[in-house]
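Subject: Structure for you to look at

Dear colleague,

As promised, I am handing over the structure below, and I would be glad if you kept it open while reading. My notes on what was found come after it.

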Amino acid sequence: MDVFGLLGNPVGHSLSPPMHEAAYDQLELDARYVTFEPEPAALEAAVDGADALGIRGLNVTIPFKQDVLEYVDADELATRIGAVNTVDFTGDGTPTGHNTDAVGAMRALRDHDVTLEDARAVVVGAGGAGRAIAFGLADSGATVEIANRTESTAHELAEAVPGATGHGLESGTLANLLEDADVLVNATSVGMESDETPVPADTLHGELAVMDAVYQPLETRLLRDAADVGATTVDGAWMLLYQGVEAFELWTGEEPPVEAMNEALRSQL
């Protein structure tokens, strides 16, 4: 039996196990997906132990995405983003680290027929999700504007992302940025289990594609506001799905059963 899993603390809320288990069942793979919740001081021991026990792959979540870089051979994208969310133990030597959040977000947008090449994209938030999404957009050919409550953090990220510009969230900034934008992504936690939005409704327009990284609830206030003006909307479960799809393919080399994984994920929401 092949064992895969999730490394984080806490992990009890994770929707990854049913999503990956559905893929194993669909393809009749002898595999299981389990969760691991080490204390932060035990991260190195957890990675070494997983390798020693023959675990094939791990997803990595809060608070370990940055710290795990020290214990893996990170690929070029994960190194630039500064975070790893997927570890592959199937090769020889040091396990490899990858970031499938960036690719997952871009696949979610493209799945909804959003054109990224030459697009003007606004990313709200410069934390972990914002970093991955900003790099993914830039690598896809978009011009990226990063808006963050702490303006210095936005500028710091913009300096790392090719062609990006950083901004604060003072009054009027988003209205100016969104006026000619093609894509808007909320990469903050605003709206998670609350009826709040980081983007004023009157700044949205029908030519936008709007993705919210928040997936609980699936229909956030931001997405409702966007739908009201005729914008294309992409809920956060699509990003969660496709980062998992990318990890599954990386670990197994199999064609992921996307529909089965999506049904399992959404059944939990």
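The notes start with the chain as a whole and then turn to single residues.

Please bear in mind that this is a predicted model, in which local features need pLDDT of at least 70 and side-chain atom pairs count only at pLDDT 80 or more, whereas totals for chains, interfaces and linings use all residues. Residues are numbered from 1 along each chain as its sequence is written, and side-chain values use heavy atoms, with hydrogens and water left out.

The chain as a whole

The chain holds 10 helices and 12 strands, where helices (H or I, at least four residues) and strands (E, at least two) are DSSP runs numbered from the N terminus. The chain has a radius of gyration of 18 Å, close to the 18 Å that the globule rule gives for 269 residues, so it is as compact as a globular protein of that length; the radius is taken over C-alpha atoms, and the rule is 2.2 Å times the number of residues to the power 0.38. Along its principal axes, the C-alpha trace spans about 55 × 35 × 30 Å.

Of the 269 residues, 51% count as buried, a word that stands for under 20% relative accessible area, while exposed stands for over 50% and partly exposed for what lies in between (1.4 Å probe, protein chains only). The accessible surface of the chain is about 11800 Å², and carbon and sulfur atoms account for 44% of that area; such areas come from the Shrake-Rupley method with a 1.4 Å probe, and for residues only the protein chains shown count as cover. Among contacts (heavy atoms within 4.5 Å) between residues at least 6 apart in sequence, 63% join residues at least 24 apart.

There are 12 positive and 47 negative charges in the chain, and their mean positions are 3 Å apart. For this count Lys and Arg are positive and Asp and Glu negative, with His and the chain ends not counted, and each charge is placed at NZ of Lys, CZ of Arg, CG of Asp or CD of Glu.

The N-terminal part

An unreviewed UniProt entry lists residues 6-87 as "domain: Shikimate dehydrogenase substrate binding N-terminal"; UniProt positions are given in the numbering used here, feature names are shortened, and annotations may be inferred rather than shown by experiment. This span is 34% helix and 20% strand, and its end C-alpha atoms lie 10 Å apart.

Leu-6, which sits in strand S1 (residues 2-7), is buried, with a relative accessible area of 4%. Leaving aside neighbours within four places in sequence, Leu-6 has contacts that include Val-11, Tyr-33, Phe-36, Leu-58 and Val-60. In the loop between S1 and helix H1 (16-27) you will find Pro-10, and the peptide bond from Asn-9 to Pro-10 is cis, with omega near 5°.

Further along the chain

Gly-125 lies in the loop between strand S7 (120-124) and helix H5 (128-139) and is buried at a relative accessible area of 3%. Apart from neighbours within four places in sequence, Gly-125 is in contact with Gly-130, Ile-146, Ala-147, Asn-148, Ala-187 and Thr-188.

Which residues have a positive phi although they are not glycines? Asp-118, at about 65°, is one of them, and Glu-193, at about 55°, is another. Asp-118 belongs to the loop between helix H4 (100-111) and S7 and counts as exposed at 63% relative accessibility, whereas Glu-193 belongs to the loop between strand S10 (183-186) and S11 and is exposed with a relative accessible area of 64%. Not counting residues up to four places away in sequence, Asp-118 touches Gly-141, Ala-142 and Asp-182.

Finally, Phe-248 is in helix H9 (residues 236-252) and counts as buried at 0% relative accessibility. With residues up to four places away in sequence set aside, Phe-248 touches His-20, Ala-23, Tyr-24 and Leu-27, among others, as well as Pro-256, Pro-257 and Met-261.
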